[in-house]
Amino acid sequence: MQALHLLALQPIAEITADPNSYGFRPDRACRDAAAQCFIALAKKKSPRWVLDADIAGCFDNISHDWLMANIPMDKAILQKWLASGFVEKGQWFATQAGTPQGGIISPTLANMALDGMEAVLKKHFGGRIGKTKKCRQVNFIRYADDFVITGVDKDTLIRARSLIEVFLQDRGLSLSEEKTKIVPIEEGFDFLGWNVRKYGGKLLIKPARKNVQALLRKTRKIIKSNPTAKQENLIWQLNPVIRGWANYHQNQVSKSTFAKVDHLIWKQLWDWSRRRHGNKSVKWVKDRYFPREGNRKWVFSTTVLAEDGDRKTVKLVKASDTPIRRHVKIQSRANPFDPDWEQYFEKRLGLQMKHNLRGYNKLLALWTIQEGLCLNCNQKITQETGWNIHHIQRRVDGGKNRVFNLQLLHPNCHRQIHNRDRK
């Protein structure tokens with residue numbers, strides 16, 4: 001039932017959303033919020049001060065009265081969801097505030113409750129003010145309940161904070177005193193697992209120290225909980241953790257951090273290997289668990305017998321092997337439910353598919369199914385001609401990013417089809 005109501009509510013939420021809100025919205029991600037931070041803060045004349053804010057217990061404290069008065073959906077159904085409570089250890093607990101516990105519609109309801117903050121700031125600080133025509137340089141970037149506001153000075157951000165507190169009070173919310181602070185960009189701040197800071201006038205976005213420590217704690221826990229496990233089983237547990245963490249940070253300035261993480265994980269694995277064979281020499285342990293592979297020494301790997309009877313090598317993923325790729329931020333006003341943006345999102349989908357293995361395999365499958373031909377002009381698609389992804393059924397009409405709903409077309413053929421559809 002929540003999924004059905006969400007289908008109707010999400011397009012409305014997209015239209016009314018803050019342009020620079022990036023959490024729990026289709027086709028937006030943390031990397032878009034980080035890219036917007038870079039746009040707002042990287043220039044020489046960019047604002048120097050930042051309000052790093054967090055809302056205390058956002059999902060648990062949103063006013064039910066505000067939701068009932070402002071969410072455009074069936075009020076009887078919404079009231080039942082809000083008042084349904086939750087069960088923990090066999091006991092039922094009432095909910096007097098907050099969005100439905102664990103409901104798939106909860107992130108959209110929370111977003112709609114927070115949308116409007118950017119408009120409030122723009123209304124107050126949007127134009128140049130005072131006789132000196134000094135711009136306040138107020139920018140707003142939000143991901144779910146975590147947001148930052150930039151300003152030309154500390155007084156501007158103090159005023160911005162008071163405006164946000166009044167805005168949130170009407171919705172039953174307040175800022176977290178522990179997590180909300182005003183800092184100069186030279187000191188930097190943590191946002192979504194990254195540290196944003198200027199070094200000698202140059203803005204760098206790196207993995208935050210707390211985020212790196214969380215990864216190392218997780219790998220240490222996995223290693224210590226498997227003191228007698230087979231080497232390949234330990235590798236299979238560690239690889240998804242390391243690969244997922246590195247993929248999250250691959251769009252930022254992360255290469256040196258990746259190398260540091262690889263070294264610290266190596267130390268954890270070396271201690272694990274030595275403990276297993278206390279009576280063996282260092283050279284024996286090194287040869288047993290860290291053989292040489294090509295020009296690379298100290299590779300944590302082993303060989304296993306595959307199902308087809310052949311032996312294959314299983315090795316630990318290195319974070320430093322993840323390539324750094326700069327992310328192209330989504331346009332703030334882009335709306336996946338608006339037909340005018342269909343071609344823009346198809347272009348972004350094509351770029352995303354080229355840069356990950358699953359997407360590349362999907363491209364190859366489409367090219368094979370079409371026998372390498374454009375379905376509009378029936379001519380060959382090659383690296384020289386280029387290609388675009390086209391949805392047979394438009395996304396705004398419910399089309400999915402599945403192979404059966406996609407086509408490869410020449411860029412010019414793609415434009416012709418969209419122009420013909422508009423006419």
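**Pocket and cavities of a predicted model**

Helix α9 supplies the largest share of the lining of the second largest pocket, five residues. This is a predicted model, in which local features need pLDDT of at least 70 and side-chain atom pairs count only at pLDDT 80 or more, while totals for chains, interfaces and linings use all residues. Residues are numbered from 1 along each chain as its sequence is written, and side-chain values use heavy atoms, with hydrogens and water left out.

**Second largest pocket**

- The second largest pocket holds about 470 Å³ of space; a pocket is an open set of points on a 1 Å grid over the protein atoms alone, with protein on both sides within 12 Å along at least five of seven lines.
- Its lining has 20 residues (an atom within 4 Å of a point), and the closest to the centre are Asn 195, Pro 207, Ala 208, Arg 209 and Lys 210.
- Domain 1 (1–207) and domain 2 (209–321) both contribute to the lining, so the second largest pocket lies between them; the domain bounds come from an automatic or database assignment.

**Cavities**

- The whole structure has two cavities of 30 Å³ or more, a cavity being a set of grid points where a 1.4 Å probe fits but cannot get out.
- About 120 Å³ lies in the largest cavity, whose lining residues include Asp 262, Trp 266, Phe 290 and Lys 318.
- The second largest cavity has about 60 Å³ of space, and Gln 10, Glu 14, Arg 25 and Asp 115 are among the residues that line it.
- Helix α1 gives the most to the lining of the second largest cavity, with three residues.

Technical notes:
Grid points are joined across faces, edges and corners, and a volume is the space filled by probe spheres set on the points. Helices (H or I, at least four residues) and strands (E, at least two) are DSSP runs, numbered from the N terminus.
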